[in-house]
Amino acid sequence: MYDLSDPRYARQLVLRGFGPAAQEQLANGRVLIIGAGGLGSPAATYLAAAGVGTITLVDTDVVDVTNLHRQLLYTTADVGRRKLEVARERLALINPHVVVHTHDTRLSAANAATLVAGHDVVIDATDNFPARYAINDACLAHGIPFVYGSVARFDGQVSVFAAPGGPCYRCLFPVMPEPGTVPTCAEEGVLGVVPGMIGLHQATETIKLLTGIGLPLVGHLLLVDLLAQDSHRIAVAKRHDCPTCGDVRPSSLPSMSIQHLNPADVAALLAGDDAPIIIDVREPWEYDLVHLPVSTLVPLNTLASKASDLDPSRSYALLCHHGMRSEMAANWMMQHGFSRLINIDGGIDAWSMDVDPALPRY
Ligand SMILES: [Zn+2]
């Protein structure tokens with residue numbers, strides 16, 4: 001534990017309505033940041049500088065040159081290095097008193113509960129819907145608030161979900177968007193300052209939650225339009241029929257009906273009486289490189305139109321390259337009447353390593 005009289009916090013210690021009590025709460029704070037990219041980079045930087053005691057980062061990426069216009073935790077010299085490794089070094093330079101933990105893994109419905117446990121606040125700095133829904137459900141289950149942020153082009157959004165008495169992400173968006181219907185930043189672009197601003201809003205909300213100052217964005221969604229330089233808040237109500245936090249819930253939680261199995265377990269199922277049908281949701285060119293002979297190709301962006309050809313009473317195992325797109329597909333199918341769904345964790349890459357080394361990897 002570090003010295004609260006450390007002059008680095010002098011401007012916060014004299015701050016009326018903050019002071020040593022709030023600084024100590026920051027020092028005791030444990031914050032989980034899912035994603036060390038456009039949002040996670042500014043959030044982690046400012047939270048470390050502010051004196052948050054423990055920061056845990058979750059990411060699997062390496063620094064790419066296309067990251068540098070918005071991820072200022074990294075420099076040109078870091079291209080090709082693991083983000084977690086660079087982030088740990090950089091945060092230690094910013095504030096050596098902060099304990100930084102790192103997890104080189106992708107958050108999914110299978111590991112979200114384990115990752116969020118033991119933290120006071122979770123920051124959703126991801127860029128995909130399966131992770132966001134998994135964070136929501138895990139935070140609700142553990143009673144941990146999470147600070148949501150998302151960006152696109154010149155706009156951003158911020159809110160605090162899963163706080164006691166407040167709405168959750170599914171209260172606002174009960175159903176995950178269909179795969180391919182929401183373009184990614186890679187597809188439609190983002191002005192570099194946008195995630196910077198939204199990430200700092202997330203850091204601010206985190207500080208407010210840890211210290212109890214101000215009014216966190218619980219029950220409100222902040223919408224920021226940087227072209228018009230306009231920001232406004234809209235109220236978000238807790239829904240009584242919310243699938244995860246409502247009083248009147250559907251009989252089963254959607255996220256609980258997807259089984260997460262590794263390739264060896266799925267291979268064993270294929271030998272049994274009730275073998276699942278394997279749906280490969282990768283692109284045709286990937287399927288041409290390597291595929292399982294027993295699989296059927298249904299690229300993710302065609303799933304919505306092809307689903308009517310599939311029998312909802314059958315069991316389906318979803319496959320992709322590493323297990324992310326297949327999870328999106330499984331989530332979509334679950335919300336469209338399919339109940340027996342398996343995500344093949346690790347995808348065909350893991351299948352090649354663990355089950356059939358004859359399959360080429362790419
Ligand atoms: Zn809810």
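This is a predicted model: local features need pLDDT of at least 70, side-chain atom pairs count only at pLDDT 80 or more; totals for chains, interfaces and linings use all residues.
I'm counting two strands as paired if DSSP finds at least two bridges between them.

**Sheet order**

I started with the sheet. Eight strands make up an open sheet, and reading across I get β3-β2-β1-β4-β5-β6-β7-β8. The pairing is mixed. Next I looked at the edges. β3 (99-103) and β8 (230-235) sit there, and each has a single partner strand, so one side of each has no neighbour in the sheet. I also looked up the twist, which averages 15° from one strand to the next.

**β1 and its partners**

Then I went to β1 (30-34). Four of its five residues are buried, so β1 is largely enclosed by the rest of the structure. I checked the pairing with β2 (54-58): the two strands run parallel and are joined by five bridges. I34 stands opposite V58 in β2. Getting from β1 to β2, the chain passes through α3, and I noted this β-α-β crossover as right-handed.

What does I34 meet in β4? Its bridge partner there is D124. β1 and β4 also pair in the parallel sense, over four bridges.

**β4 to β5**

I moved along to β4 (residues 121-124) and β5 (residues 146-152), which pair in the parallel sense over three bridges. V122 is the residue I found opposite F146 in β5.

**Helices on the sheet**

I looked up two helices that pack here. Helix α3 (residues 40-50) packs on the sheet and touches β1, β2 and β4. The direction of α3 makes about 165° with that of β2. Helix α6 (residues 129-142) packs on the sheet too, touching β1, β4, β5 and β6 (155-161). For α6 I noted about 165° against the direction of β4.

**Nonpolar core**

Last stop was the core. In soluble globular proteins, nonpolar side chains tend to be buried together. Which residues touch the most other members of the largest nonpolar core? I33, A44 and L318 do, out of 95 residues. α6 gives the most to this core, eight residues. I also checked the domains: the core draws at least three residues from each of domain 1 (7-235) and domain 2 (254-354).

Terms used
Residues are numbered from 1 along each chain as its sequence is written. Axes are lines fitted to C-alpha atoms, for helices over the stretch in contact, and angles run from 0 to 180 degrees between N-to-C directions. Two residues are in contact if their C-beta atoms, placed from the backbone, lie within 7 Å. A residue is buried if 20 or more other C-beta atoms lie within 10 Å of its own, exposed if 12 or fewer, and partly exposed in between; C-beta atoms are placed from the backbone. A crossover is right-handed if, with the strands pointing away from the viewer, the path from the first strand over the helix to the second runs clockwise. A nonpolar core is a set of buried Ala, Val, Leu, Ile, Met, Phe, Trp, Tyr and Cys residues joined through C-beta atoms within 7 Å. Domain bounds come from an automatic or database domain assignment.
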